[in-house]
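This report goes through selected features of one protein model. It takes up a surface patch, several strands and a few backbone details in turn.

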Amino acid sequence: MSNDRTPTFTWTPADPVGSSPTGASSPIASYTLKVDDLDDIVLPPDATTTDLPELPAPPSGKESYGWELTATDAGNNSASVTGEFTLDLAAPPAPTVVFPSSPTNARDPVLQLQGVPGATFNWTVTGATTRSGQTTAAAVAIGPLHDGANGIQVTQTTPAGNKGGSAGATIVVDTVAPAPPGLVVVPPANSLVSTPLLAWTGEPGARFEWELLGSTGGVVGSGATTETTIQLGPLGPGAYGFRIRQIDAAGNPGGVAGPALFSILPPPDPVAGGGSPDGAASAGAGPPPSTAGTPAKPTPTPAQKIKPATSNV
């Protein structure tokens with residue numbers, strides 16, 4: 001199989017193909033090459049090669065031709081050999097390529113390749129550096145790549161030598177760890193709200209891993225999210241800490257922000273005497289009780305400090 005429209009035929013000189021009436025061998029007088037769709041080609045006895053005239057382009061891109069080479073001696077005796085070849089001018093489609101996800105922190109990504117039977121794949125990388133190569137395998141590593149955008153192009157060539165279209169992608173390599181998230185909303189140091197809201201900033205496409213610490217510094221809650229806000233709880237009274245880190249879109253983990261410390265206070269005691277929570281007397285009740293001699297309500301205890309804990313995020 002070939003994409004050469006003027007293929008070359010080569011042979012070795014033939015032995016005499018017959019004998020004269022006296023028994024002597026007759027020398028070769030000529031060679032004749034016959035090829036489908038072409039006129040016969042007559043060659044001298046010392047010929048050992050010839051190029052065919054240009055073959056017509058096959059309508060379907062591929063066509064087979066039969067051929068016959070005949071040696072004829074001076075006594076008009078002849079011997080022939082026959083064969084067949086295929087003219088293939090059909091360009092293959094672009095190969096099917098599975099590119100790695102982008103961005104990635106892998107400097108040596110692998111391409112998965114699929115094409116026509118017997119194809120050779122040629123790949124190129126452009127960017128901070130230029131790399132290229134070829135393979136007949138179904139997978140190839142194209143690294144090492146540099147941080148930043150890397151343009152990838154892959155073509156396939158058929159066994160006949162026809163090159164097809166290309167498949168391409170841009171792979172962004174990022175091996176730099178992101179900064180810790182920026183905590184922009186944290187609970188007050190002391191609060192009666194048992195469902196505190198927290199918010200932070202981070203890189204686009206990042207994933208965030210958080211931990212909630214208890215009063216002894218141990219982890220009492222954890223999770224992961226792609227959002228930049230979270231509402232915890234309901235939490236019981238006590239001291240807490242919140243810490244968080246981000247894993248960027250390429251998979252690089254960053255540093256930890258926090259812990260942000262806060263305390264959830266116990267709810268206030270009910271108002272003595274059955275009054276309303278704001279201290280007003282109930283309808284139909286007598287005058288409010290005297291507070292003379294009544295001890296003052298104790299002031300809530302400030303937030304406790306949380307003992308350090310080893311971060312798992």
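## Surface patch

Patches are made of residues with over 30% relative accessible area and no salt bridge, where like charges are joined within 9 Å and nonpolar side chains (Val, Leu, Ile, Met, Phe, Trp, Tyr) within 5 Å. A salt bridge is a side-chain nitrogen of Lys or Arg within 4 Å of a carboxyl oxygen of Asp or Glu. Accessible areas come from the Shrake-Rupley method with a 1.4 Å probe, and for residues only the protein chains shown count as cover.

Val 184, Val 185 and Leu 197 make a nonpolar surface patch of about 240 Å². Val 185 belongs to strand β14 (residues 182-185). Its relative accessibility is 34%, so Val 185 counts as partly exposed; buried means under 20% relative accessible area, exposed over 50%, and partly exposed in between (1.4 Å probe, protein chains only).

## Basis of the model

The model is predicted: local features need pLDDT of at least 70, side-chain atom pairs count only at pLDDT 80 or more, and totals for chains, interfaces and linings use all residues. Residues are numbered from 1 along each chain as its sequence is written, and side-chain values use heavy atoms, with hydrogens and water left out.

Helices (H or I, at least four residues) and strands (E, at least two) are DSSP runs, numbered from the N terminus. Two strands pair if DSSP finds at least two bridges between them.

## The four-stranded sheet

Four strands form an open sheet in the order β10-β9-β12-β13, and their pairing is antiparallel. The edges are β10 (131-135) and β13 (163-173); each has a single partner strand, so one side of each is left without a neighbour in the sheet. From one strand to the next, the twist averages 15 degrees, with axes taken as lines fitted to C-alpha atoms (for helices over the stretch in contact) and angles running from 0 to 180 degrees between N-to-C directions.

Within this sheet, β9 (residues 120-126) and β12 (residues 148-157) run antiparallel and are joined by seven bridges. Thr 126 has Gly 151 in β12 as its bridge partner.

## Strand β2 and its partners

Strand β2 (residues 28-35) has six of its eight residues buried, so it is largely enclosed by the rest of the structure. It pairs with β5 (residues 62-73) in the antiparallel sense over seven bridges, and Ile 28 stands opposite Asp 73 in β5.

β2 is also joined to β3 (residues 41-43) by three bridges, again antiparallel. Leu 33 has Ile 41 in β3 as its bridge partner. The hairpin of β2 and β3 has five residues between the strands.

## Backbone exceptions

Which residue in the loop between β2 and β3 deserves a check of its phi angle? Asp 37 has a positive phi of about 70 degrees although it is not a glycine, and at 60% relative accessibility it counts as exposed. Asn 76, in the loop between β5 and β6 (78-88), also has a positive phi of about 70 degrees without being a glycine. Asn 76 is exposed, with a relative accessible area of 65%.

Gly 143 and Pro 144 are joined by a cis peptide bond with omega of about 0 degrees; Pro 144 lies in the loop between β11 (139-141) and β12. A cis peptide bond also joins Gly 258 and Pro 259, with omega of about 15 degrees, and Pro 259 is in strand β21 (residues 253-264).

## A buried arginine

Arg 243, in strand β20 (residues 238-247), counts as buried at 4% relative accessibility. Its side chain makes a polar contact of 2.8 Å with that of Glu 211. A polar contact is a pair of N or O atoms within 3.5 Å; within protein, one must be able to donate a hydrogen and the other to accept it, and residues adjacent in sequence count only if both atoms are side-chain atoms.
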